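Subject: Structure handover

Hello,

Here is the structure you asked about. Please open it alongside this note, and then read on for what turned up.

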Amino acid sequence: MRMEAYAGTLGIRNLDSALQLFLDTLVDTNRDHRFFVDWDKVERQVLAHKVELNILNSLIGSRNFDRELEDILTKYPQVISAIPVLLALRGTDLKVIEDFQIEDSDIAYYDFTPRRLTGAERVSFVSLFAKTGLARFFQELSSRSIQDYAMGVEVGLDTHARKNRGGAAMELALKPLVYALRSDTVDVLYQKKFGALKYSHGINPPSPLADRKADFLLVRRGGRMVNIEVNFYTGTGSKPQEIVDSYILRQEELARYGMGFIWVTDGHGWRGQRNQLKKAFKKLNFLLNLHFCRKGLLRRAVRDF
């Protein structure tokens with residue numbers, strides 16, 4: 001570790017004090033208030049079927065549901081594209097067993113791609129509404145807007161995307177601090193392969209790195225570069241030793257091509273991993289958590305390369 005940078009920024013004098021401060025300032029979560037629901041995505045998904053949902057709205061409280069649905073399927077067959085969201089599904093088709101009680105029951109297949117429907121297909125979709133309970137929903141449970149119902153379904157479906165957002169949350173948390181380092185002489189690339197440097201800055205990266213992806217690449221005027229890699233460790237997934245070793249190897253590989261490296265990590269999973277972190281502090285030039293970044297060590301580290 002480059003102790004002079006840690007001492008100048010954080011006021012610590014040796015590796016052990018840096019390690020202790022690192023552990024003391026780990027955060028338990030990388031989620032901010034925007035983590036829970038991606039409202040823009042929910043809005044996009046529902047608006048994509050706005051017309052179809054409004055047509056189906058006329059079925060709310062219907063006393064002659066099957067006939068009215070078949071009429072709609074005849075006049076506006078495109079409504080079938082909205083059925084998946086009513087069933088909280090993604091995709092454009094569905095396979096289900098007709099009847100679990102029958103040994104040789106056939107598989108029913110539903111294609112929700114908009115098209116003109118045959119009489120048999122219309123009957124099949126009416127049956128789908130009855131068997132899945134959608135007909136009951138329209139007749140008995142819903143009293144207002146199907147579009148509002150679809151909005152709630154999309155919020156529920158979006159919870160599956162939280163895992164992916166969790167993986168990106170650390171990068172998004174750090175992004176403002178990294179972008180604040182941009183200047184007339186420093187440019188920032190986010191989530192790009194090294195090969196992208198050829199098109200963005202006219203730099204041909206070493207061939208072993210061309211297909212490697214970087215969380216952040218800082219490019220100085222003249223071509224000198226720093227790679228910042230970011231992760232949040234909760235204690236699940238890869239073993240701490242594997243994580244630490246992978247970033248040590250990353251620094252060694254980049255150093256062979258004259259590039260700098262900074263690892264920013266955080267998360268309660270690092271508590272109890274003192275030995276692995278100590279190895280990382282010894283081997284890496286810069287190991288930072290979010291607290292260290294906010295205190296100015298990220299800016300100092302980039303300046304040192």
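One definition comes before the first finding: the expected span of a helix is 1.5 Å times one less than its number of residues. Please also keep in mind that this is a predicted model.

Helix H12

H12 covers residues 240-256, which makes 17 residues. From its first C-alpha to its last it reaches 25 Å, close to the 24 Å expected. Its buried residues are Pro-240, Ile-243, Val-244, Tyr-247, Ile-248, Arg-250, Gln-251, Glu-253 and Leu-254. An α-helix has 3.6 residues a turn, so residues three or four places apart point the same way. That helps when you look at the buried list. What covers these buried residues of H12? The cover includes S4, S5, S6 and H13. After H12 comes Gly-258, with a positive phi near 75°.

Strand S5

S5 spans residues 225-232. Eight of its eight residues are buried, so the strand is largely enclosed by the rest of the structure. Buried here means under 20% relative accessible area. Met-225, Asn-227, Glu-229 and Asn-231 point one way from S5. Val-226, Ile-228, Val-230 and Phe-232 point the other way. Both sets are buried.

S5 has S4 (residues 213-220) as an antiparallel partner, joined by four bridges. Within that pair, Val-219 stands opposite Met-225. The S4 and S5 hairpin has four residues between the strands. Gly-222, in this hairpin, takes a positive phi near 105°.

S5 also pairs with S6 (residues 260-266), this time in the parallel sense, over seven bridges. Two partners to look up: Val-230 bridges to Val-264 in S6, and Phe-232 bridges to Asp-266 in S6.

Strand S6 and beyond

S6 is mostly covered, with seven of its seven residues buried. Gly-260, Ile-262, Val-264 and Asp-266 point one way. Phe-261, Trp-263 and Thr-265 point the other way. S6 then pairs with S7 (residues 287-288) in the parallel sense over two bridges. There, Leu-287 of S7 is the bridge partner of Trp-263. S6, helix H13 (residues 274-283) and S7 make a right-handed β-α-β unit.

Nonpolar cores

In soluble globular proteins, nonpolar side chains tend to be buried together. The largest nonpolar core in this model has 59 residues. Which residues have the most contacts inside it? They are Tyr-6, Ile-228 and Ile-262. Ile-228 belongs to S5, and Ile-262 belongs to S6. Leaving out residues up to four places away in sequence, Tyr-6 touches several others, including Met-1, Ile-12, Phe-281, Phe-286, Leu-287 and Leu-297. A second, separate core has 33 residues, among them Leu-86, Val-126, Leu-134 and Ala-150.

Asp-158

One last residue to check. Is Asp-158 buried or exposed? Asp-158 counts as buried because its relative accessibility is 1%. Asp-158 lies in helix H9 (residues 146-158). Its side chain reaches the backbone nitrogen of Asp-38 at 3.0 Å.

Best wishes

Definitions and conventions: Residues are numbered from 1 along each chain as its sequence is written. This is a predicted model: local features need pLDDT of at least 70, side-chain atom pairs count only at pLDDT 80 or more; totals for chains, interfaces and linings use all residues. Side-chain values use heavy atoms; hydrogens and water are left out. Buried means under 20% relative accessible area, exposed over 50%, partly exposed in between (1.4 Å probe, protein chains only). A polar contact is a pair of N or O atoms within 3.5 Å; within protein, one must be able to donate a hydrogen and the other to accept it, and residues adjacent in sequence count only if both atoms are side-chain atoms. Two strands pair if DSSP finds at least two bridges between them. A nonpolar core is a set of buried Ala, Val, Leu, Ile, Met, Phe, Trp, Tyr and Cys residues joined through side-chain atoms within 4.5 Å. Contact means heavy atoms within 4.5 Å. A crossover is right-handed if, with the strands pointing away from the viewer, the path from the first strand over the helix to the second runs clockwise.
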